[in-house]
Amino acid sequence: MNCDDSCPTLQRDDDSILILDQTALPHQRTFVRLANLADAARAIRTMQVRGAPLIGATAAFGMALALGERTDDASLDAALADLAATRPTAVNLHWALGRMAKRLRPLAPSARREAAWAEAEAIQKEDAAQNAAIGRHGLPLIAEIASRRPGPVRVMTHCNAGWLATCGHGTALAPVYAAQAAGIPLLVWVSETRPRNQGLLTAWELAQSGIPFRLIADNAAGHLLSQGAVDLVITGADRVAANGDTANKIGTYLKALAAQDQGVPFYIAAPGSTLDFSCPNGAAIPIEDRTADEVLVIPGLTPTDQPGEIRLAAAGTPVANPAFDVTPARLITALITERGLVTLDRLGGLYPERNP
Ligand code: MRU
């Protein structure tokens, strides 16, 4: 399965939504039906859907599901508030809800339901188109390295920012898929991304596409960078502040630091919906704290291939589990957006209509 035709992460099915349950991957491919607001909020909160753009699209469809129940002003506002409270860091969620509110509030309640479905579908389509554009704009970075020397271009990524995280080909992986389509040999370093192990999703995606990769422990990244084994790093983003500071999955900052130290270019790939010009800098980005169990317990398959869990630490072990970190703009070589490549000091110029 890949996302060449219709994207399987999120599909409308009459008046409900079918999502690929990412908590069951990579071992089981299970689709879950979201029929109402509570289903959509739960899917986002529990990370059955995840990745900033996909969270945004799911929230938009969550509004359409909510309006299937009630369409009055109070219900509209309550649904917006419920969905906004699901996850704090990925700004795409708040961007999508803001767009839905702007479209729906001025309408008569009777017109809101259909309009909500149409707007959510527009957000989904636009995200897919933006993924493709990010791929086109990122491709020359990989092609240039391929033209300089023989052998595969070695790309390091973190977390999952492929088609599972979006409505199209992904953000960080879009240039990788574009390079594969252009016939460029590749090797992708995939860090496991403890504690939720989104790297396993990236490995699953790349395996299906036939792109060579190596799954690595998170702690191996600095060593590989220091050995000259990485040509460029590309990650996605959950929120880019006005000054270019960028929140992404926990562990991204360490990769950026090591890349800077080794002179390896470090790119962020993200669409306009991930930019937050109302947020002045990284210190103002809310960082999600998640439950201790994510650190203490590892889900997987038992030796008899049954889904199971391993408890890693002694009972009562205290835990801190920040889910994201902020990479300062100074460590980021450039942002790959659907409008092109931009250094972080020129971000506002690329989106003049959004500049405060
Ligand atoms: O907690 P998650 O899995 O939703 O976090 C996802 C990430 O951090 C991704 O790198 C980011 O959202 C970019 S997805 C295209």
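Start by selecting Asn 197, which lies in the loop between strand E5 and helix H7. The model on your screen is a predicted one. Asn 197 has a phi near 60°, a positive value in a residue other than glycine. Most residues other than glycine have a negative phi. Is Asn 197 buried or exposed? Buried means under 20% relative accessible area. Asn 197 has a relative accessible area of 11%, so it is buried.

**Stay in the loop**

Now select Thr 193. Thr 193 is found in the loop between E5 and H7 too. Its phi is near 70°, again positive in a residue that is not glycine. Thr 193 counts as buried, because its relative accessibility is 1%.

Next, select Arg 194 and Pro 195. The peptide bond from Arg 194 to Pro 195 is cis, with omega near 5°. Most peptide bonds are trans. Pro 195 has its place in the loop between strand E5 (186-191) and H7.

Jump to Leu 25 and Pro 26. What is the form of the peptide bond from Leu 25 to Pro 26? The bond is cis, and omega is near 5°. Pro 26 sits in the loop between strand E2 (16-20) and strand E3 (31-34).

**The largest pocket**

Keep Leu 25 selected. The largest pocket has a volume of about 550 Å³. Of the 26 residues that line it, the closest to its centre are Thr 23, Leu 25, Arg 196, Pro 299 and Gly 300.

Now colour four elements: helix H7 (198-209), helix H10 (293-296), strand E12 (297-301) and strand E13 (307-311). These are the elements that give two or more residues to the lining of the largest pocket. Which element gives the most to this lining? E12 does, with five residues.

Then colour by domain: 10-126 for domain 1, and 140-350 for domain 2. Why does the largest pocket lie between domain 1 and domain 2? Both domains give residues to its lining, so the pocket lies between them.

**The cavities**

How many cavities of 30 Å³ or more does the structure hold? There are three. Take the largest cavity, with a volume of about 170 Å³. Select Arg 50, Gly 51, Ala 52, Asn 160 and Asp 238. Of the 20 residues that line the largest cavity, these five lie nearest its centre.

Helix H2 (52-67) and strand E9 (246-249) are the elements that give two or more residues to this lining. H2 gives the most, with three residues. By class, the lining of the largest cavity has nine nonpolar, seven polar and four charged residues. Domain 1 and domain 2 each supply at least three residues of this lining.

Move on to the second largest cavity. Its volume is about 80 Å³. Select some of its lining residues, including Pro 53, Asn 92, Trp 95, Glu 126 and Ser 273. H2, helix H4 (91-104) and helix H5 (109-148) each supply at least two residues of the lining here. H5 has the largest share, four residues. The lining of the second largest cavity divides into four nonpolar, four polar and three charged residues.

**Val 319**

Now select Val 319, in the loop between E13 and strand E14 (324-327). Val 319 is partly exposed, because its relative accessible area is 30%. Show its contacts. Leaving aside neighbours within four places in sequence, Val 319 is in contact with Ala 292, Val 295 and Leu 296.

Draw a distance line from Val 319 to Ile 142. The two residues are 39 Å apart, C-alpha to C-alpha, and 177 residues apart in sequence.

**Zoom out**

Show the whole protein as a cartoon. Its secondary structure comes to eleven helices and 16 strands. The radius of gyration is 20 Å, close to the 21 Å that the globule rule gives for 356 residues, so the protein is as compact as a globular protein of that length. Along the principal axes, the C-alpha atoms fill a box of roughly 60 × 55 × 40 Å.

Finally, colour by burial. Of the 356 residues, 54% count as buried. Among contacts with a separation of 6 or more, 75% join residues 24 or more positions apart.

How values were computed. Residues are numbered from 1 along each chain as its sequence is written. This is a predicted model: local features need pLDDT of at least 70, side-chain atom pairs count only at pLDDT 80 or more; totals for chains, interfaces and linings use all residues. Side-chain values use heavy atoms; hydrogens and water are left out. On a 1 Å grid over the protein atoms alone, a cavity is a set of points where a 1.4 Å probe fits but cannot get out, and a pocket is an open set with protein on both sides within 12 Å along at least five of seven lines; lining residues have an atom within 4 Å of a point. Grid points are joined across faces, edges and corners, and a volume is the space filled by probe spheres set on the points. Domain bounds come from an automatic or database domain assignment. Ala, Val, Leu, Ile, Met, Phe, Trp, Tyr, Cys and Pro count as nonpolar, Asp, Glu, Lys and Arg as charged, and the others, Gly among them, as polar. The radius of gyration is taken over C-alpha atoms; the globule rule is 2.2 Å times the number of residues to the power 0.38. Buried means under 20% relative accessible area, exposed over 50%, partly exposed in between (1.4 Å probe, protein chains only). Contact means heavy atoms within 4.5 Å.
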